[in-house]
Amino acid sequence: MRDFFTLARWMPGLVALLGYQRAWLLPDMRAGLSVAAVALPVAIAYAELAGVGAVVGLYSCILPMLAYALFGTSRQLIVGPDAATCAVIAAVVTPLAAGDASRHWQLVMTMTAMTGFWCLIASRFKLGVLADFLSRPILLGLLNGVAITIMVGQLSSIFGFTFDEPELIERIAAAPHYLSLIHWPTLGISLLTLVVMLLCRRFRPQWPSSMLALATTAALLWGLGPERAGIMVVGTISGGIPSLQIPEFPPGLMRELVLPALNLAMVSFVSMMLTARSFAAKNGYEIDADKEFRALGMANLASAVSQGFAISGADSRTAVNDANGGKSQLVSVVAATVIALVTFFLTAPLQYIPTAALGIVLVMASMSLIDLRGQWAMRHSDNAAFWLAWITFVGVLFMGVIPGITLAVLLGLFQFLRNVMRPTDQLMGMNEEGIVHTLGHNEEIKAVTGVLIYRFNSPLTYFNASYFKRRVLLLLNGEKHQPKCLIIDAVSCFTHQDISVMSMVGELHKELKRRGIHMVMAGRRSQMTHWLHQAGIRVGEDGILLYPDLYQALRMTRCYREPEQGGEPTEYQPGEPVSPTARLGES
């Protein structure tokens, strides 16, 4: 109980800051300024993507960064607006808002708060394991689909027209029609933004290319006047300190936002954990997945009450932090402070930023998410993963972002269920040194005469118990000579008590006894004894034999003995050595 109220449990980031080392100050300050330089233009661009004002993107950086600095366990991770989360928000909220900008903003905050609550609930029930739920192939297909959806959606800002079609495929099909609607001054600004970014990345890669590109185009339009060329700009930004408020929760729309918010929490967390774990491994420390879920929830709640939108781990800004030598969560504090100063006092120059330039920034950011080559390369290493990735990818393109995410979650669930319901299994044998190995991989591994050693590579539960029984009987039927003994490796499959499993074991034991085959369980002897007694299954000479491990089972099982020269297998007597001589140890 005392540990429950400790600061380390609830605010691990604050504990790390309290133990701050003076030598970290200079690299943390440098990294914080660099992160702010990258985060500022990206936040404004993502606000456009989410369908809210530019200042909302800035609000989404300040308090969430500070919240993560207190509650997070990663020293390098930077949270903030993310392409995938903003695409999800826009896909969900835009139809519900029906063109009402104020309602749109309110729904965005409501969905963000709900996402935060989902994360806190997941943390409370220790569901950090969900970080492994969406497999890497599924997430790869999802991000590729989201990136292409964002890039196509930004073509209207880049070329200066407005899409009439709501979905990706319809927009691509109508492309010839839109070629005649290109606004050439807007396209010129887009090309200028692209050139500045590419030149900066080529000759000064350490500089914030997106900020320089936006500053260049904004200065140009400030000098010329955007109204002269008809180029769309961000417009007046009402900066200042946001009025903290609790988002409204209209009952009728709550039902429309519950599942999308859950999907958003899931995808945001998985994406964030991939980034956090990679940089934690690089810098030699561990992170706590359950505490990260809580930190993401607190950051999203902080964003909601400060009129921002949902955030996640930002891989590009985290990479900037790491590249500049950031050592602690102070980087997030410094970056949030710089962004706050700009938001509260320096918003006037931001009004001249062209939306076309923001479109280029979003396209360039989305390109960093695309890895079609890696997705295609999986066909050589893992065919099942290859098809999972491409089904998710095509689903996002053809069905939309939200149905695509739902499909990705379902695919992850089905993949897990398939692996548990129909797992791999092996028959085991022994080499000349008496060590147990899997049969079939090495000619030196021989089956033990008169004995079938079976391993089932999944926990047994009610929905795979019948499959286990079928596999055992199928393997027994496939043996040329009927074995006298079946040894089951209980360690790998009997992980918990299940009434359906014990019922299946009883049925299997009766069938084996009818065939004259002894049934032996190797491993978990104490647990298995207790579970079998509770299920009313006989244990011992007239029932199931139980031994601590495979080697003891092979030594002590009465039904096995090596055949004499030219003779038949004879019954093994207790205490006789197994030949080859068994060693304690297993592959």
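This is a predicted model: local features need pLDDT of at least 70, side-chain atom pairs count only at pLDDT 80 or more; totals for chains, interfaces and linings use all residues.

Reader: What counts as a strand here, and what counts as a pair?
Author: Strands (E, at least two residues) and helices (H or I, at least four) are DSSP runs numbered from the N terminus. Two strands pair if DSSP finds at least two bridges between them.

Reader: OK. In what sense do strand 3 and strand 5 pair, and over how many bridges?
Author: Strand 3 (residues 425-430) and strand 5 (residues 451-456) are antiparallel, over 4 bridges.

Reader: And strand 5 with strand 6, parallel or antiparallel?
Author: Strand 5 and strand 6 are parallel, with 4 bridges. Ile 453 turns up again there, opposite Ile 487 in strand 6.

Reader: What is the strand order of the open sheet?
Author: The order is 4-3-5-6-7-8, which makes an open sheet of 6 strands with mixed pairing. Strand 4 (436-438) and strand 8 (545-547) are the edges; each has a single partner strand, so one side of each has no neighbour in the sheet. On average, neighbouring strands of this sheet are turned by 30 degrees against each other, direction ignored.

Reader: Which way do the residues of strand 6 point?
Author: Cys 485, Ile 487 and Asp 489 point one way, Leu 486 and Ile 488 the other. In a regular strand, side chains alternate between the two faces of the sheet.

Reader: Which strands does helix 24 lie across?
Author: Helix 24 (residues 499-514) lies across strand 6 (485-489) and strand 7, at about 140 degrees to strand 7. Helix 25 also packs on the sheet, touching strand 7 and strand 8, and its direction makes about 155 degrees with that of strand 8. Axes are lines fitted to C-alpha atoms, for helices over the stretch in contact, and angles run from 0 to 180 degrees between N-to-C directions. Contact means heavy atoms within 4.5 Å.

Reader: Switching topic. What is the volume of the largest pocket?
Author: About 1300 Å³. Of its 42 lining residues, the closest to the centre are Leu 49, Gly 153, Gln 154, Ser 156 and Arg 171. Helix 5 gives the largest share of that lining, 5 residues.

Reader: How do you define a pocket and its volume?
Author: On a 1 Å grid over the protein atoms alone, a pocket is an open set of points with protein on both sides within 12 Å along at least five of seven lines, and lining residues have an atom within 4 Å of a point. Grid points are joined across faces, edges and corners, and the volume is the space filled by probe spheres set on them.

Reader: And the second largest pocket, how many residues line it?
Author: There are 28 lining residues, with Val 38, Arg 201, Ser 209, Ser 316 and Val 320 nearest the centre. The second largest pocket holds about 580 Å³. Helix 3 gives the most to its lining, with 5 residues.

Reader: Back to single residues. Where is Lys 126 found?
Author: Lys 126 is in the loop between helix 6 (101-124) and helix 7 (136-153). Its phi is near 55 degrees, a positive value in a residue other than glycine. Most residues other than glycine have a negative phi. Lys 126 counts as exposed because its relative accessibility is 54%.

Reader: What about Arg 524, what is its phi?
Author: Arg 524 also is not a glycine, and has a positive phi of about 55 degrees. Arg 524 sits in the loop between strand 7 (518-522) and helix 25 (525-534). At 29% relative accessibility, Arg 524 is partly exposed.

Reader: Last one: is Gln 415 buried or exposed?
Author: Buried, because its relative accessibility is 18%. Gln 415 lies in helix 21 (residues 401-421). Leaving aside neighbours within four places in sequence, Gln 415 is in contact with Ser 135, Ile 138 and Leu 388.

Conventions. Residues are numbered from 1 along each chain as its sequence is written. Side-chain values use heavy atoms; hydrogens and water are left out. Buried means under 20% relative accessible area, exposed over 50%, partly exposed in between (1.4 Å probe, protein chains only). On a 1 Å grid over the protein atoms alone, a cavity is a set of points where a 1.4 Å probe fits but cannot get out, and a pocket is an open set with protein on both sides within 12 Å along at least five of seven lines; lining residues have an atom within 4 Å of a point.
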